[in-house]
Amino acid sequence: MDATVTFLISIGLCLHWEVEAQLATISRPTLWAEPSPVVPKGADVTLRCQGQRGRKRFQLWKDEELQEERNVSWHLADFVLRNVDDFNDARSYRCRSGQGPLWSEFSDPLALVVMTGDFPKPSILVLPNFSGSPRTTWTIQCQISWQSSSDHNFALLEAKSLQVLQLQKFSRGQIYFSLPLVRAEDSGNYSCIYYRKTPPYRGSQPSHTLELIVSDKLPRPTLRAQPGPVVPPGTNITLWCLRPKMSSLEEVTFTLWEIRSHLPLQNQISAALWTDFSLPSVRPEDTGSYRCTYKDRTASGIKSEYSNSLELVVTGSLPKPSLSALPGQVVEPGKHVTLQCRQPSWSALWRATFTLLKVGSPQPLQSQSPAGTFAVFPLLSVRAQDAGNYTCIYQETAFHQGSEPSDNIEIWVTDAPPKPSLSVWPAPEIASGTNVTLLCQGPPWTTRFVLHKEGSMDITQDEAEFFLTRVTSKHSGHYSCSYQLGTNGSLWAQHSDPLQLTVRESSKTLLITLSCVTFLLLCLLLLVCFCHQYIPRAAGFPGDSFRRFFCCSCLPQDVCLSHHLEDPREDPLYTEVGTERPKESSMPIDKDVTYAHLNKKTLNERQTGSKETTTEATLYTTLSLEMLGPDTFMEITFLSSSETLTRPTFWALPSPVVPKGANVTLRCQGRPGSDRFQLWKDGELREERNGPWSQADFVLRNANDWTDARSYRCRSGKGPLWSELSEPLALVVTGVFPKPNIEISADALISPGKTVTIWCQMPQRSSTEEYTFALLDAKSLEPLMLQISAGPRADFLIPSVRAKDTGSYSCIYYKKTPPHRASHLSPAVELTVLGQLPRPALWAQPGLVVAPGTNITLWCLRPRLASPKDVTFSLWKTGTQEPLQNQTSAALWTDFSLSSVRPKDTGSYRCTYKDRTASGREPESSEALELVVTGSLPKPSLSALPDLMVEPGKHVTLQCRQPPQSALWRATFTLLKVGSPQPLQSQSPAGTSADFPLLSVKAQDAGNYTCVYYERMAPYQVSEPSDALEIWVTGSGTSDTIIIRLSSMLLLLCLLLMSFLWYP
């Protein structure tokens, strides 16, 4: 082959490998031994080396010398050592993976121990005072009878698998292995060996087996739902029950329970670590709390604890709630936003459970059961990953009913606002005297725009279009634009890329115009010739054949033939005639464009004859109405958007129940970017106003029981678009009718769990019309329950009261139809329920697994209660008798700061809050939060079984292993996904590895994973995170990576083709 050809091929190969190297660096592979790194002499052992995806070359090194190299079709290589020898094979092994000329770092070393009969067998025993009780400490002694030198290590093994559990250095002929705070999962068979510290790693035969049993329940399993715990009716649900890995268990019986039933729903027998329970085509009656257990199938029959309850909600049996954001939907990083989920006014269930969901996330974010008709979900110190669409539901637990999900609400976090773009129409180079439009495009929640020009003052306005009329040469120059963020009047996005506008002198206009016309005519002639076969042959176009000819030359024939002027029909507002924008379209804003013929006469009729405008998916309309008569048939361009304006959320502040003469604010919140709002009363438009922050407040002053006690709705708009009307809001004005009487069935103090009835009685019945009774929180006047009654009394039942129900209650009655005139408030009755307050929630930012020196914020959040106003929050760490910090606050949350954390800060944290009134009641503490500060132990290895590449719906197990030099007893292993602040799974197995199953994987399970291990007792040592392991779900690779790889391959092929064409 010619030298030039060789040169071109070499360049292509180098470029290809360089692209691969830039896409991902080759991290060190993972090396482990199957079935164990401790094997008998003469046995076979497999050394498995797993590299990154796409790595197809592997090397095995023994004692720092290359032993074998092989190419494989996948990213996993097995090196099989057959009939192992205690001298040649009992060595230190490492491996590395490669692609092209690139090689990874070496894996961590693996010592292969070969047991031989040349050494005396050790003896093993458990020291006196052994007890099988849980939470006691076992001491296992491994002893040799002969005097050994100090060049031996001792290993405690699991007797069946020969897995190493603990390592100890030699000391005076006997070694002690301590097993602190044993639990049921520590039951099993143990043995020990000793072996040389240096290669060859020749070891003794294992000691006799020591069987130890802990009399305790088995550890609790984990229950998960796919596709999620909140689903519509008809969905097929799979409930996965997972148990921890235990050497003492081989086959178990898994059982699924529903809390309402004392009998198991399903049983499954399995030797695996998990099983699945199927609930096909679920219905609303399947809503409820589910748990699972497992049971040893041997004679012992030990049963596990119940898993945590999983709340399954099948939606659709209750009306949808509304979801709003306070103070707004656009939030700056580090600020707080509160999402408020409200039942519809005619629902008013007592103590419903509200659940907040994020679209795209299968698990609920937060759940609350407040004593009222709405729940408050705070998103604290938000970050970019908190942006997205949220929805909420509420459910009635007694009858297992779930609502429809609320309309989505989008939260924008202004962490890195996108740069705006600036475009010009009709062209960046135009003749003097022309009208020019400059369009500044930003995200939909932008509120104001500014146009910058070098050497001139800025132009600021609320609209995105800037009109320059009859431009002259002084308008020439460089333009850019920016937009204002929706949360801060002084915060603006960065400028757009500059756009140069050139205004030509008028003397050149004619020549350029003639040239353009000539060019367009030539293009038109070619277009007609090319499209001549599509010209319709049908008649019926009198007086319009010329326009018809050119219109139809490049349009589908069925569209052209659909317009017959003689057909009698109603004048349409517009008719879709194409989906691709022609070259002469006005503003190049978006590719999603629909062309329409607009009849001006019909448009005028619809604009004047209708009170409500149909919502269209349109952002901008560019049309010229100059010199058009009333019957002119014209062509315009609609620039359509794929998004429509969702209906706004509408509520009353401070309450929809107000005294006569009071002021009330009706707040309408639309989607980000909404800037026009309308208030409708009893079906008629009352007021329209502009709202710069995607919401508008309509204030009714000195509320009147006749004119203001009505039904209200609102809608939001942007440009020419209007949303649907909101859900109706009934404004109730009190102080008209005589106050009702109120009684309560309970004493002043009542124990939790009892049922309380509150009676509301009208003083007299003056008419036969129906009234609505409302039970109110006496302080806020928030409606808690509603009841329509044909009689003079309503009974409000409060089942199974809890401490959170403590508070003051009153009631009213009001007219069911407008005007919603109501009685005076009844006297207040006090209800005090003994017992603990509901537990708070505790979470950490930026995450639970952090590097030393990180600043951690622990947020403690309590539920909204009517009774306590000021509370004292306390932060506790397990193992301490006094709180670490105290905070007094009237808010629903507080923050505890841990500055520059160190490994000693690793541990379990909880928080509480205490009523600061005389009662001084305390709640349960929050669930424990495990904070892990990494870095004091060597990093583990993470591998995937059976492979890194997984088909959707299949399973993959991620195995996290301690390095051989660590071998901590019952360390806690935690699996993390890169980019997610919360750990995915945690385990505390009796061994040096943990298995984390990813079951029935989906595209969102693809990504990079890592793991850590740590001691849960002092001195709280924690490992470094393992190297990241990338899991690929078939079809989930990023398009950018695929395009780059294909491009590099095509470049290589092109160079090869050029070389062969050059030298055939």
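Reader: Which residues touch the most other members of the largest nonpolar core?

Author: Leu47 and Ile193 do, in a core of 29 residues. A nonpolar core is a set of buried Ala, Val, Leu, Ile, Met, Phe, Trp, Tyr and Cys residues joined through side-chain atoms within 4.5 Å. A second, separate core has 24 residues, including Ile758, Phe773, Cys811 and Val833. This is a predicted model, where local features need pLDDT of at least 70, side-chain atom pairs count only at pLDDT 80 or more, and totals for chains, interfaces and linings use all residues. Residues are numbered from 1 along each chain as its sequence is written, and side-chain values use heavy atoms, leaving out hydrogens and water.

Reader: Why is threonine 894 called buried?

Author: Buried means under 20% relative accessible area, exposed over 50%, and partly exposed in between, with a 1.4 Å probe and protein chains only. Threonine 894 has 8% relative accessibility, so it counts as buried.

Reader: What does threonine 894 touch?

Author: Contact means heavy atoms within 4.5 Å. Not counting residues up to four places away in sequence, threonine 894 touches Leu858, Trp859, Cys860, Phe873 and Gln887.

Reader: What makes E3 and E6 a pair?

Author: Strands are DSSP runs (E, at least two residues), numbered from the N terminus. Two of them pair if DSSP finds at least two bridges between them. Strand E3 (residues 45-50) and E6 have six bridges, in the antiparallel sense. Threonine 46 stands opposite valine 80 in E6.

Reader: Which strands are at the edges of the sheet?

Author: The open sheet has three strands in the order E1-E3-E6, with antiparallel pairing. Strand E1 (30-34) and strand E6 (76-81) are the edge strands, since each pairs on one side only.

Terms used:
Helix = DSSP H or I, 4+ residues; strand = E, 2+ residues; numbered from the N terminus.
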